[in-house]
Amino acid sequence: MLCDDVKRIAYFFLDGTLGEQKKNDFSAHLNLCPECEARTKLHRRLRIFVRNRLARLTAPDRFKQRLMRTLRAVAAEWS
Ligand SMILES: [Zn+2]
């Protein structure tokens, strides 16, 4: 797996929606590539932060989804 692949599927990995094989490839890459490891950690922290915030927010679901999409775009720019 290449760094570009890791970037592309990082969200699925963090969502836990990757297949077993891909998940293993992903983890194997993180062990070999400090850059991807650091980036994935950052994404995980961002997700947790956002999720905690959204959980306390009493906004409509549609608004939350839009916010999530915006944050994903921001995170993608960082990667
Ligand atoms: Zn990498």
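The axes of H1 and H3 come within 10 Å and cross at roughly 25°. That makes H1 roughly parallel to H3; angles under 35 degrees count as roughly parallel, over 145 as roughly antiparallel, 65 to 115 as roughly perpendicular, and the rest as oblique. Axes here are lines fitted to C-alpha atoms, for helices over the stretch in contact, with angles from 0 to 180 degrees between N-to-C directions. The crossing of H1 and H3 is right-handed. By handedness I mean how the near helix is turned from the far one by less than a right angle: anticlockwise is left-handed, clockwise is right-handed.

A word on the source. This is a predicted model: local features need pLDDT of at least 70, side-chain atom pairs count only at pLDDT 80 or more, and totals for chains, interfaces and linings use all residues. Residues are numbered from 1 along each chain as its sequence is written.

Back to H1 and H3. Who makes the contact? From H1, Cys3, Val6, Ala10 and Leu14; from H3, Cys36, Thr40, His43, Arg44 and Arg47. Contact means C-beta atoms, placed from the backbone, within 7 Å. The classes are 5 nonpolar, 2 polar and 2 charged. Nonpolar covers Ala, Val, Leu, Ile, Met, Phe, Trp, Tyr, Cys and Pro; charged covers Asp, Glu, Lys and Arg; the others, Gly among them, are polar.

H3 itself runs over residues 34-56, 23 residues in total. It reaches 34 Å from first C-alpha to last, close to the 33 Å expected at 1.5 Å a residue, taking 1.5 Å times one less than the number of residues. Cys36, Thr40 and His43 in H3 are buried. Buried means 20 or more other C-beta atoms within 10 Å of a residue's own, exposed 12 or fewer, partly exposed in between.

Next, H1 with H2. H1 is residues 3-15 and H2 is residues 20-32; they pack at about 120°, axes 11 Å apart. That makes H1 oblique to H2. Their crossing is left-handed. Val6, Ile9 and Phe13 in H1 meet Lys22, Lys23, Phe26 and His29 in H2. That contact divides into 4 nonpolar, 1 polar and 2 charged residues.

Serine 27 also sits in H2. It counts as partly exposed because it has 14 C-beta neighbours inside 10 Å.

Finally, the whole chain. It has 4 helices and 0 strands, where helices are DSSP runs of H or I, at least four residues, and strands are runs of E, at least two, numbered from the N terminus. Buried residues make up 8% of the 79.

Methods
Contact = placed C-beta atoms within 7 Å.
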